[in-house]
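Open the model in your viewer and keep the selection tool ready. This tour goes stop by stop.

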Amino acid sequence: MEHYTWDDMEKEVLSPTIARKIISGEKAMVAQVFIAKGGVVPEHHHESEQITYILEGALKFQIDGQEIVVSAGQVLRIPSNMPHAAVALEDTLDLDIFSPIRQDWLSKDDAYLR
């Protein structure tokens, strides 16, 4: 068992517009992702199924040939290996849940975000 407090965790700054905090187990991972207004997550894909819960703000996603705005209180499920990109329409805090874990995030081999 491990117990965490988000406010006590150090924020990993990836770029001037993107930062995150990660908690990872053996089979699932959760991350707080902070994206400043106008910040862009370039198109990418990964083995992990992703569930994105917007806590504050809004993200406009490009996914599977569609554009969708996901706002505070809404959740988007992204299937495994589905290419997707996003732009922050306002300062945004989202909670991303991944299974399996994003080894590229843990090893910092995620140049598309940096």
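Buried means under 20% relative accessible area. Keep that cut-off in mind, and remember that this is a predicted model.

**Stop 1: glutamine 32.** Select glutamine 32, which sits in strand 3. Its relative accessible area is 10%, so glutamine 32 counts as buried. Now show what it touches. Leaving out residues up to four places away in sequence, its contacts are Trp6, Ala19, Arg20, Lys21, Leu93, Asp94 and Leu95.

**Stop 2: the core.** Next, select Ile18, Ile35, Phe61 and Trp105. These have the most contacts inside the largest nonpolar core, which has 21 residues. Two or more core residues come from each of strand 2 (18-24), strand 3 (29-35), strand 6, strand 8 (75-78) and strand 9 (84-88). Strand 3 gives the most, with 4 residues. In soluble globular proteins, nonpolar side chains tend to be buried together.

Zoom in on isoleucine 35. Again leaving out residues up to four places away in sequence, isoleucine 35 touches Thr17, Ile18, Val41, Leu59, Ala88, Glu90, Asp91, Thr92 and Asp94.

**Stop 3: strand 9.** Is strand 9 mostly covered or mostly uncovered? It is mostly covered, with 4 of its 5 residues buried. Look for phenylalanine 61, whose bridge partner in strand 9 is alanine 86.

**Stop 4: a hairpin.** Select residues 58-63 and 66-71. These are strand 6 and strand 7, an antiparallel pair with 6 bridges. Isoleucine 63 stands opposite glutamine 66 of strand 7. The hairpin has 2 residues between its strands, and aspartate 64 takes a positive phi near 55 degrees.

Stop 5: Go to asparagine 81, in the loop between strand 8 and strand 9. Asparagine 81 is not a glycine, yet its phi is positive, near 65 degrees. Its relative accessibility is 46%, so asparagine 81 counts as partly exposed.

Then select lysine 108, in the segment after helix 1. Lysine 108 is not a glycine either, and its phi is positive at about 65 degrees. With 49% relative accessibility, lysine 108 counts as partly exposed.

**Stop 6: a cis bond.** Finish at proline 100, in the loop between strand 10 (92-99) and helix 1 (103-106). Which kind of peptide bond joins serine 99 and proline 100? The bond is cis, with omega about -5 degrees.

Note on methods. Residues are numbered from 1 along each chain as its sequence is written. This is a predicted model: local features need pLDDT of at least 70, side-chain atom pairs count only at pLDDT 80 or more; totals for chains, interfaces and linings use all residues. Side-chain values use heavy atoms; hydrogens and water are left out. Two strands pair if DSSP finds at least two bridges between them. A nonpolar core is a set of buried Ala, Val, Leu, Ile, Met, Phe, Trp, Tyr and Cys residues joined through side-chain atoms within 4.5 Å. Buried means under 20% relative accessible area, exposed over 50%, partly exposed in between (1.4 Å probe, protein chains only). Contact means heavy atoms within 4.5 Å.
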